[in-house]
Amino acid sequence: MRRQSSQRWMAVALPVGAGVSVLALGLFLMPSAREVEQTARRAAPPPPPVASPAPTPAPAPPPVPPHPELAAMLPTADAPTLARLTRTLIEGGVATSSLQVAYDLVAAGRPAVAIAYLAARTDGATPATWAFRVETLRKLGRRAEAEALLAEAVRRPIGVAPPAIVAAGYALDRPDLLVVAVRSGAIPPPDARLAHDLAQRAEAQGHGDWIVQLDQAGAADWRAADPWLALRVAQRIGDRAAAERAIAALPAAERDGARADWLTRTGDRAGLHRMLLARAAQPGAVLPDLAERLLALGARDDAIALLRRAVAGQSPAAPEGQRLLYLMGPRPAPADREWLRHQALSGPADEQGRWLAAYAERDAPAAALAFVQRHPLAARTDIAMLRLGLAQAAGERGAARAAMATLLDGRTLDPATLRRVSAWAGGLEPTQARALAERRVAAGMAGPRDRLDLAWAAWNAGDAAHTRDLLRDHLAETPGDLSALRLMADAQARLGGAAAARPWLERALAQAPAGRVRAELLDRLGRRGEALALVTDLRRAAPRDTELAALQARLLIAAGQPGRARAVLTP
């Protein structure tokens, strides 16, 4: 009997004890009010980076500790069981809302169950739970479901607070859906900050149509705060008027560069051409740079005109001058040649000379010569050299002699100038050629023929002694010169007779080939027999050579054979 009574007591006490233990454990595990508040704050969606003016969402309900029975089931119960239990408790007025349960499930480490729980609740898919569901799905990695919720909320107003939509759009990196929300009215038109951020993202991702849609929906003006972004957006969508407004809003120092870039991008060559010319007309404009940009547009004449202004008062050797001359080319247009002539008549004398040389290189030799001869600096050595070169190129012998007379008027000529003058000495008068050769000899620059030419000039003038002296120096350098040896023999004969001439005749004979000159040398040395035999052989090879015939007749007469000489001269 006792045993049965004890068993009945245990049958009652054990379930009661187990229930009390479970209840105590639930109370022990149940989070405090502070923990619930912190968990709700962590689970709440983050605020958007830029909030648009929108109605303030209803405040979240204060955290309420869950019902003891619910708290005991949170760690292990599945969503349907939780849904049934909370429905009973909520209907009985003893439990909190479904959203609070979902927050408690997240705090208990069961976010997936929280989503399933709300799906099983009739009040789980309401605007009040929308932000929680989107953020929890995003954290679970279920982006497609979260984006589906966001897409549904942006297509039409369904009661979701606009700040929550904006926050979800940024959390899911879907600014395109925010643009859809603006157009549908799910969120009000963005303020300047939100519109600016959406414009930045649209420009970065290449969606200029977003900006058009935002503007059509009445978004606040963000362009004044960021004209560079406004310009890039205008460039992307091809809005010329918007681009001009954005350029006008830029700092003054940056407008020209931005306008040039805009015109270049749009291919408006005529507009860019006008802009560059307008900039060139401003004080302080960097004309060489503008000229290069005009040249890139194909405006060569305008580029040359700017470079003319840039080199005013400068030397043609300056970089701007060199670039200008290069663009003019070897045969400039008449207007360019006239400008060069004007430059050659203005400024310091040295600069006039440089511009005169630059002009002479770029005009026809005859036309350039006529201008250079009339120039005030025509008698200066470098300009006289210029005249001489132009005269030789144009074939004007009179002008060449006039220029040479200027150069040989007693002025000092440096070796380089003397060499250049000698190179252009063709067609000179004998007196000028002799004077030039004397200059070269005096300067130690005598050429192979200079002393010989001077020796002939002295011989022709009857100065045998000067001829001998010049030939002595010449033959010291070229001992085998046959014509110089024969002239030396003539000079020695005049000064010292046949005996003085003989050594030079012997040396000349050693250099003379078989021919008329050799025969003449043999005759002068008294070897007429050899001379006559040589001429006779030469006559056989050239019977119609009248000079050989005359020499043969002269030798025959000298040998006492006038009859044969007569026969040679008779045709």
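Me: In this predicted model, which residues is L525 in contact with, leaving aside its neighbours within four places in sequence?

Reply: L525 is in contact with R502, L505, E506 and L509 once those neighbours are set aside. The word contact is used here because heavy atoms lie within 4.5 Å.

Me: Where does L525 lie, and what makes L525 count as buried?

Reply: L525 belongs to the loop between helix 31 and helix 32, the latter covering 528–541. A residue is called buried when its relative accessible area is under 20%. The relative accessibility of L525 is 6%, so L525 counts as buried.

Me: Why does T417 count as buried?

Reply: The limit is again 20%, and T417 has a relative accessibility of 13%, so T417 counts as buried. This residue is part of helix 25, residues 415–423. Beyond its neighbours within four places in sequence, T417 touches T381 and M385.

Me: Why are helix 31 and helix 33 called roughly parallel to each other?

Reply: Two packed helices are described by the angle between their axes and the distance between the axes. Helix 31 (residues 516–524) and helix 33 (residues 546–558) pack at about 15 degrees, and their axes are 11 Å apart. Angles under 35 degrees count as roughly parallel; the pair is therefore described in that way. Their crossing is left-handed.

Me: What makes helix 7 roughly parallel to helix 9?

Reply: The angle between helix 7 and helix 9 is about 10 degrees, with a distance of 10 Å between the axes. That angle falls under the limit of 35 degrees, so helix 7 is roughly parallel to helix 9. In helix 7, W130, A131, V134, E135 and R138 meet A164, I165, A168 and A171 in helix 9. The residues of this contact comprise seven nonpolar, no polar and two charged.

Me: How do you know that the reach of helix 7 is close to the expected one?

Reply: Helix 7 (residues 127–139) has 13 residues and, at 1.5 Å a residue, an expected span of 18 Å. Its reach from first C-alpha to last is 19 Å, which is close to that value. The buried residues of helix 7 are T129, W130, A131, F132, R133, V134, E135, T136 and L137. Just after this helix, G141 adopts a positive phi of about 85 degrees.

Me: At what angle do the axes of helix 8 and helix 9 cross?

Reply: Helix 8 (residues 143–155) and helix 9 (residues 162–171) cross at roughly 145 degrees, and their axes come within 11 Å. R143, L150, A153 and V154 in helix 8 meet I165, A168, G169 and A171 in helix 9. Six residues of this contact are nonpolar, one is polar and one is charged.

Me: How many helices and strands has the protein chain?

Reply: The protein chain has 34 helices and zero strands. Of its 571 residues, 41% count as buried.

Note on methods. Residues are numbered from 1 along each chain as its sequence is written. This is a predicted model: local features need pLDDT of at least 70, side-chain atom pairs count only at pLDDT 80 or more; totals for chains, interfaces and linings use all residues. Side-chain values use heavy atoms; hydrogens and water are left out. Axes are lines fitted to C-alpha atoms, for helices over the stretch in contact, and angles run from 0 to 180 degrees between N-to-C directions. Helices (H or I, at least four residues) and strands (E, at least two) are DSSP runs, numbered from the N terminus. Angles under 35 degrees count as roughly parallel, over 145 as roughly antiparallel, 65 to 115 as roughly perpendicular and the rest as oblique. A crossing is left-handed if the near helix is turned anticlockwise from the far one by less than a right angle, and right-handed if clockwise. Ala, Val, Leu, Ile, Met, Phe, Trp, Tyr, Cys and Pro count as nonpolar, Asp, Glu, Lys and Arg as charged, and the others, Gly among them, as polar. The expected span of a helix is 1.5 Å times one less than its number of residues. Buried means under 20% relative accessible area, exposed over 50%, partly exposed in between (1.4 Å probe, protein chains only).
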